[in-house]
Amino acid sequence: MAERGKNALRILHDAGHEAYLVGGCVRDMLLRDMAGGSAGREGTEDIDVTTSAAPEEVKLAFSGMRIIDTGIRHGTVTVMFPEDDRLLPVEITTYRTEQGYADGRHPDSVAFTRSLEEDLKRRDFTMNAIAMDENGEIVDPFGGREDVCDGVIRAVGDPDVRFSEDGLRIMRAMRFAAVLGFDIEENTEQAMLRNRRMLERISAERVFAEFKKLVAGRYAGDVVRRYTEVLGAVFPELLAMKGFEQHNEYHRYDVLEHCVRAMEAVRTTPENNTYMRMAALFHDVGKPLTYSQEDCGRGHFYGHASRGAEVMEKIMERMKADRWLTDRMVSLVRHHDLIFEKDERLLKRWMRRFTPEGLSEILEIKLADNIATGNMSEELGDKFREIREMIEDILRQEDCFSLKDLAVDGKDVMAAGVSRGPEVGRILDELLDDVIDGRVDNERKTLLAQIEKKRSL
Ligand code: ATP
Ligand code: MG
């Protein structure tokens, strides 16, 4: 148990209150214990404490420490604990019950209670409704431990009621399934499907935050396959891809299965994992809109990448995604069918156009796309790996590929007598092309001479 969690429980206890760890940190701790201490996300997890103390009593108990009134109206206070030279948060929430969900996303009122069981009852899934005290003893009125042990996600109480109270729980169920590899219990699963339209009432930001975690989950592919209908309430585009046959000898799978496989195959880094997997999942989103068929029955999807980019832009707008993520996703969808060759000049030009990271990401999406056809030849796989190495080599050699790497800059161009304005940029661009194409060396003296030449043209 993380030190700060224990400390928080002890301090509340010493002040005469009941206090327990609850939610994700307990669930993950039980999971780790079952896996012999290796699974889970030790250290990175957030710690939630539930207590009989009213918010003012919590603040009193922790006076002298840094306290943030996170959601004091709902009874949540964040206390910062020093740990490993940092200040880390513990969220402390007063036992509460919730009443009436007229809008399907917020309780009409929350009432504080002195009963732990009442508090656990309002929680979403049995695995999240387990409380643990400072000695590691658990209070588990809904059989959460057994469900964690069996890998089952089960609503607390009647799933239809719980999902109609708060539609976000439907998203959360799928997210936990995708991250933990758990199965959703049958009644809970059926209620998700019945209540899927409740998702329309939840703000796009909250739905999208869950969706990003879902996609990043190791078992996301199985979740998208199994719950396409439910996800379709938010992303009808995925439903349109389902069962859309490609009628093309390159492809073994329908559009959705192909895209899910691409998401499962794509090589990512910890930094780009979420959006790369999301881009792989949506890379052929334009296909259902661009299908045509030859007389012989062979299918084509002319222009599907740029059409897909338009759809992607709309999806991201709908999800209220920020500009940066939107641009990244749209670019990956738009360029996923770029034709790569083992041509150093071409690669350098593209590295300049897309940035080196951008180009590597396009290559990885493209490789995943090919793997996901189910028909990729070994030669093609080798070719991609060689191109990947070429890009890495260019980066290692620090070969010149962007304006900032050029041995001259705008000031030099202006010093040669070109007046400030677009002409300066044009000359620099030309110089960069010359260097990339190997016509001149990236050497200050040579380039200054080139500037003179270009200026007098
Ligand atoms: P993680 O932190 O790993 O994402 P978590 O289970 O801790 O998972 P949080 O969003 O931190 O999830 O919420 C903490 C706890 O609050 C949950 O475990 C659950 O008991 C309760 N909870 C959160 N959101 C809901 C909800 N929409 N409906 C009911 N209970 C919820
Ligand atoms: Mg949590």
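Which residues lie nearest the centre of the second largest pocket? The model is predicted.

**View 1. The second largest pocket has a volume of about 620 Å³.** Tyr-250, His-251, Lys-287, His-304 and Asp-369 lie nearest its centre. The lining of this pocket holds 24 residues. Helix α18 supplies the largest share, with 3 residues. Sorted by class, the lining has 12 polar, 6 nonpolar and 6 charged residues.

**View 2. The largest pocket has a volume of about 1,400 Å³.** Its lining counts 44 residues, and those closest to the centre are Asp-48, Arg-122, Arg-123, Asp-124 and Arg-172. Several elements give two or more residues each to the lining. Among them are the helices α2 (24-34), α7 (168-180) and α9 (204-216). The strands β2 (47-51), β3 (66-71), β5 (86-94) and β6 (96-99) also belong to this group. Helix α7 gives the most, with 7 residues. By class, the lining of the largest pocket has 21 charged, 12 polar and 11 nonpolar residues.

**View 3. Seven strands form an open sheet with mixed pairing.** Follow the strands across the sheet in this order: β3-β4-β5-β2-β1-β8-β9. Strands β3 and β9 (138-139) stand at the edges. Each has a single partner strand, so one side of each lacks a neighbour in the sheet. Helix α2 lies across β1 (19-22), β2 and β8 (131-132). The helix runs at about 65° to β1.

**View 4. Lys-366 sits in helix α18.** Is Lys-366 buried or exposed? Its relative accessibility is 14%. Buried means under 20%, so Lys-366 counts as buried. What does Lys-366 touch, leaving out residues up to four places away in sequence? The list runs His-336, Asp-337, Leu-338, Ile-339, Phe-340 and Phe-384. For a distance across the model, take Lys-366 and Leu-239. They are 127 residues apart along the chain, and 23 Å separates their C-alpha atoms.

Definitions and conventions. Residues are numbered from 1 along each chain as its sequence is written. Chains are lettered from A and ligands numbered from 1 in the order in which they are written. This is a predicted model: local features need pLDDT of at least 70, side-chain atom pairs count only at pLDDT 80 or more; totals for chains, interfaces and linings use all residues. Side-chain values use heavy atoms; hydrogens and water are left out. On a 1 Å grid over the protein atoms alone, a cavity is a set of points where a 1.4 Å probe fits but cannot get out, and a pocket is an open set with protein on both sides within 12 Å along at least five of seven lines; lining residues have an atom within 4 Å of a point. Grid points are joined across faces, edges and corners, and a volume is the space filled by probe spheres set on the points. Helices (H or I, at least four residues) and strands (E, at least two) are DSSP runs, numbered from the N terminus. Ala, Val, Leu, Ile, Met, Phe, Trp, Tyr, Cys and Pro count as nonpolar, Asp, Glu, Lys and Arg as charged, and the others, Gly among them, as polar. Two strands pair if DSSP finds at least two bridges between them. Contact means heavy atoms within 4.5 Å. Axes are lines fitted to C-alpha atoms, for helices over the stretch in contact, and angles run from 0 to 180 degrees between N-to-C directions. Buried means under 20% relative accessible area, exposed over 50%, partly exposed in between (1.4 Å probe, protein chains only).
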